[in-house]
Amino acid sequence: MAKVKHESQWYPLEAGESVLDGLLRQGVSVPNSCRAGACQSCLMKAVRGTVPEAARVGLKDTLVAQGYFLACTCRPTEGAELEVAGAEDLRVPARITSLTMLSSDVLRVRLHADAPFEYRAGQYLSLVRGDGLARSYSLASLPHEGVLELHVRLIPGGEMSGWLATEARPGDAVHVQGPAGNCFYVPGRPEQPLLLAGAGTGLAPLYGIVRDALGAGHTGPIWLFHGARTPAGLYLRDALRELAERHPHFHYRPSVLTGGSRDVAEGALDVLIRAECPKPVGYRAWLCGDPQLVLSLRKKLFLSGLSLKDLHADSFLPSAPQVETTASSASGAR
Amino acid sequence: MTEAAMKSVYEQIGGEPAMAAAVDVFYRKVLSDDRISHFFEDVDMERQAAKQKAFLTMVTGGPSRYSGRDMRAGHAHLVAQGLNDMHFDAVAGHLKETLEELGVPAPLVARVLTIAESARADVLNR
Ligand code: FES
């Protein structure tokens, strides 16, 4: 049996159980969201004892060096004794500054961080409520804007999104932790064509990446494909149209499955992409949103010539297994 | 033997950078082939590509950590799903095409295919 010590008390783990599951089962509150090693909400620090390599996958070297690990992917070996502490010192206090609906089910949440919070456009963070409830969301803002902007999809029965939509008020204190994720623009090869695609709130990181690339002086064509089920699911249309008018090499292509019009294409996202960018050899691409869509787009783009090293994908993982079964499969934590 | 012949094909065609270029082409061929793509349905494309690269490194005689035993263990579950000579031939065909497309001289391609052939028994667990 492995044991975990948290705040001077020992907790036994069942065989194969993760530190996160073991602590939650025994009533210890630990922030968590994806439970799959992606969102980094469940970051903890090992004070004594050894942590399996798998629990550090994806963490920055600087965090690893300080003993941090992910509680949800940490399954200590039989007989191991591990002393842990929370990651409170890595959380940055922040305040909600505004809450605005962008569409019938997307809420724009703007935050002001009370301490420096460094990130790259397109990364995501964990939003931690006062009681420890955590969810991860992609950042739609740019670092120099001095405001953290999140696009939160309202999920029926969603704890965090429900709270943000009905109870939270500007001025409320929260914490942010992170950032994480590999979907961001890296300057260089300014003439390379860029392709960005996502559905729903998968637009948030893409909105950041597009503006980051334009700001860095990218000169090659930039294609942004945003998909939704119906026109009501598209948002930021005016802002993106305006951006496209100011930058002729930026092409914004909204699309829906049903209810297309003169300005909005109708059909599957991959069909539209193939029509506009038939041979994406030599492109750089970013895909964000629903995991199934991201995985299938990634494969299709790879087969049509995009190199794997130029394909950046971040799929939105469901916030936790129990949410996955009750909400629709498209429900995302970000 | 001339010095060129002593060097592995891996070194002669350009080492790791050449493998990185080859893996995209090769993996794309394998994934687009309906006869064999279902053996490569793992959604983790990065990991799949890494495996393809390890395979290419091995058959070109580069630094590789694969042993015959690993090959057997790594393919046993696929053999249980029906992996057979036809599939092996298809992969070998894509390997040949990939190297040819990248401009690898015919004698080197032949050497690579000979090495690949020597792995047939292990891959098919015979
Ligand atoms: S990384 Fe552990 S809950 Fe998301």
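Modeller: Let's go through some labels one at a time, keeping in mind that this model is predicted.

Biologist: Okay, rings to begin with. Why are A:Trp223 and A:Phe225 called stacked?

Modeller: Rings pair if their centres lie within 6.5 Å, and planes under 30 degrees apart count as stacked. The centres of A:Trp223 and A:Phe225 are 6.0 Å apart and their planes are at 10 degrees, so the pair is stacked. Both residues are buried, too.

Biologist: What makes B:Phe26 and B:Phe55 a stacked pair?

Modeller: Try the cut-offs again: 5.9 Å from centre to centre is within 6.5 Å, and 20 degrees between the planes is under 30, so stacked is the word. B:Phe26 lies in helix α3 of chain B and B:Phe55 in helix α4 of chain B, so the pair ties together parts that are 29 residues apart in sequence. Both B:Phe26 and B:Phe55 are buried. Over all chains, the search finds five aromatic pairs.

Biologist: Charges can sit over rings as well, I hear. How do you know that B:Arg28 does this with A:Phe302?

Modeller: The charge has to be within 6 Å of the ring centre, and within 35 degrees of the ring normal. The charged end of B:Arg28 is 4.6 Å from the centre of the A:Phe302 ring and sits over that ring. In chain A, the charged end of A:Lys3 sits over the ring of A:Trp10, 4.7 Å from its centre.

Biologist: B:Arg28 and A:Phe302 belong to two chains. What else do we know about where chain B and chain A meet?

Modeller: 10 residues of chain B are in contact with nine residues of chain A. The area buried between the two chains is about 970 Å², with carbon and sulfur atoms giving 59% of that. On the chain B side, B:Asp24, B:Arg28 and B:Met45 lose the most area to chain A, together 55% of what that side buries.

Biologist: And what makes B:Glu46 and A:Arg298 a salt bridge?

Modeller: The rule wants a side-chain nitrogen of Lys or Arg within 4 Å of a carboxyl oxygen of Asp or Glu. For B:Glu46 and A:Arg298, the closest N and O atoms are 2.9 Å apart, so the pair passes.

Biologist: Why does the pair A:Asp105 and A:Arg153 still count, at 3.9 Å?

Modeller: The limit is 4 Å, and 3.9 Å is within it, so the salt bridge counts. The partners are 48 residues apart: A:Asp105 is in the loop between β6 and β7 of chain A, and A:Arg153 is in strand β10 of chain A.

Biologist: Then how do you know whether A:Asp310 and A:Lys309 are buried or exposed?

Modeller: A:Asp310 has 12% relative accessibility, so it counts as buried. A:Lys309 has 64%, so it counts as exposed. Their side chains meet in a salt bridge at 3.8 Å, N to O.

Biologist: Last one: what makes A:Ser8 and A:Leu236 stand out?

Modeller: Each has a positive phi without being a glycine: near 60 degrees for A:Ser8, and about 60 degrees for A:Leu236. A:Ser8 is in the loop between β1 and β2 of chain A, and at 66% relative accessibility it counts as exposed. A:Leu236 lies in the loop between β13 and α5 of chain A, and at 14% it counts as buried.

Terms used:
Residues are numbered from 1 along each chain as its sequence is written. Chains are lettered from A and ligands numbered from 1 in the order in which they are written. This is a predicted model: local features need pLDDT of at least 70, side-chain atom pairs count only at pLDDT 80 or more; totals for chains, interfaces and linings use all residues. Side-chain values use heavy atoms; hydrogens and water are left out. Rings of Phe, Tyr and Trp (its six-membered ring) pair if their centres lie within 6.5 Å; planes under 30 degrees apart count as stacked, over 60 as edge-to-face and the rest as tilted. Buried means under 20% relative accessible area, exposed over 50%, partly exposed in between (1.4 Å probe, protein chains only). Helices (H or I, at least four residues) and strands (E, at least two) are DSSP runs, numbered from the N terminus. Contact means heavy atoms within 4.5 Å. Buried area is the accessible area (1.4 Å probe) that two parts lose on being put together, summed over both.
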